[in-house]
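Please read it alongside the sequence and the structure shown here.

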Amino acid sequence: MSSRRGRITDEEINELISKLQALLPESSRSRSASRSSASKLLKETCSYIKSLHREVDDLSDRLSELMSTMDNNSPQAEIIRSLLR
Amino acid sequence: MASARGVLGVQGGGGGGSGRFKRALLRNLIIGLRKGGVASREMGFRERKDAIKRAADAALASARGAAPCWSRSLAADVVAQQHRSSGTANSSGECCKAPPPSPRKMIVCKKILRRSLRRPRPGNATTSKKYGAGVVARAMLMRKRTSVLKEIVPGGKALDVCTLMAETLDYAVSLKAQVDVMQLLVRILQEQNAIALEKQ
């Protein structure tokens, strides 16, 4: 781990903030001014991360179901099983 | 102490993480699923799902490496969960110890925080004119939002606000990559099932 002893400048913080803004889904960006509310940004970041968590949960459900209903006799299922065994 | 740029290392080549990161993720995920024995037919739905989630988180943490705090914290959580599910008695899990931020960073962060959180002193007319109720309300909102973020990001509680921001960004990008890889796996399995059904 690098131990760069630089100051974390205001510019770096602004960079992080603008990166976060760029990361979030499109809908919010058109409304924000150049000095958009930091708390709004944080709130949207929280929602975004929570929605990603829900997606992971949902995908885990689907994967679980797919693996349990795999046709036992097909060669394709065997390939998948050997991949995962 | 990882610099902000070190923590942001995952952001090569486009949103949702670089191709290399996702390939590592997929590889780790398949290995992890194998280890979790999810292809076994005797597993119950819930058990399988939990194993899948654990494998996904373990794959994410190990693909990302030990640079960010959230990654180490997540890895520790996975280990703790595995011990719980296998019934092994375990001392309450390792918690992620964030490396102490460099003193200079702390001072600068504190200055910035103090600036935004300064409350009007009672009885001082100039100050109450300068910092009205609006500023105080906004500062309290910031505190609230920051604390929510600390709950969501693994290992966030130990971090100062500035590090938390960098960690959040890195975590969000990595999470997106995890979602993408899992979606890919779902599609692969669905197509395999469809092919199998056709051939019957």
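## Basis and annotation

UniProt positions are given in the numbering used here, feature names are shortened, and annotations may be inferred rather than shown by experiment. With that caution, the UniProt record, an unreviewed entry, places the feature "domain: IBH1-like N-terminal" at residues 20-77 of chain B. Helices (H or I, at least four residues) and strands (E, at least two) are DSSP runs, numbered from the N terminus, and on that basis the span of residues 20-77 of chain B is 78% helix and 0% strand, with its end C-alpha atoms 25 Å apart.

This is a predicted model, in which local features need pLDDT of at least 70 and side-chain atom pairs count only at pLDDT 80 or more, while totals for chains, interfaces and linings use all residues. Residues are numbered from 1 along each chain as its sequence is written, chains are lettered from A and ligands numbered from 1 in the order in which they are written, and side-chain values use heavy atoms, with hydrogens and water left out.

## The two chains

Chain B has eight helices and zero strands, so that its elements run α-α-α-α-α-α-α-α from the N terminus on. Chain A has three helices and zero strands, in the order α-α-α from the N terminus on.

Buried residues (under 20% relative accessible area, with exposed meaning over 50% and partly exposed in between, for a 1.4 Å probe and protein chains only) make up 42% of the 200 residues in chain B, and 38% of the 85 residues of chain A. By the Shrake-Rupley method with a 1.4 Å probe, in which only the protein chains shown count as cover for residues, chain B exposes about 10900 Å², with carbon and sulfur atoms supplying 55% of it; for chain A the accessible surface comes to about 5100 Å², of which 50% belongs to carbon and sulfur atoms. Where contact means heavy atoms within 4.5 Å, residues 24 or more positions apart account for 63% of the contacts in chain B with a separation of 6 or more.

## Helix packing

Axes are lines fitted to C-alpha atoms, for helices over the stretch in contact, and angles run from 0 to 180 degrees between N-to-C directions. In chain B, the axes of helix H2 (residues 19-35) and helix H8 (residues 161-198) come within 10 Å and cross at roughly 60 degrees. H2(B) and H8(B) are therefore oblique to each other, given that angles under 35 degrees count as roughly parallel, over 145 as roughly antiparallel, 65 to 115 as roughly perpendicular and the rest as oblique. Among the residues making this contact are Leu25(B) and Leu29(B) of H2(B) and Val181(B) and Leu184(B) of H8(B).

In chain A, helix H1 (residues 10-23) and helix H2 (residues 38-68) pack at an angle of about 50 degrees, with their axes 10 Å apart, which makes H1(A) oblique to H2(A). The contact is formed by Ile17(A), Leu20(A), Gln21(A) and Leu23(A) of H1(A) with Leu41(A), Thr45(A) and Tyr48(A) of H2(A).

## Two buried residues

Thr168(B) is found in helix H8 of chain B and is buried, with a relative accessible area of 0%. Not counting residues up to four places away in sequence, Thr168(B) touches Thr45(A), Ile49(A), Leu149(B) and Val153(B).

Ile52(B), in helix H3 (residues 45-64) of chain B, is likewise buried, with a relative accessible area of 0%. With residues up to four places away in sequence again left out, Ile52(B) touches Ser60(A), Leu63(A), Ser64(A), Met67(A), Leu33(B), Val38(B) and Met182(B). Ile52(B) and Leu184(B) are 132 residues apart in sequence and 14 Å apart in space, C-alpha to C-alpha.
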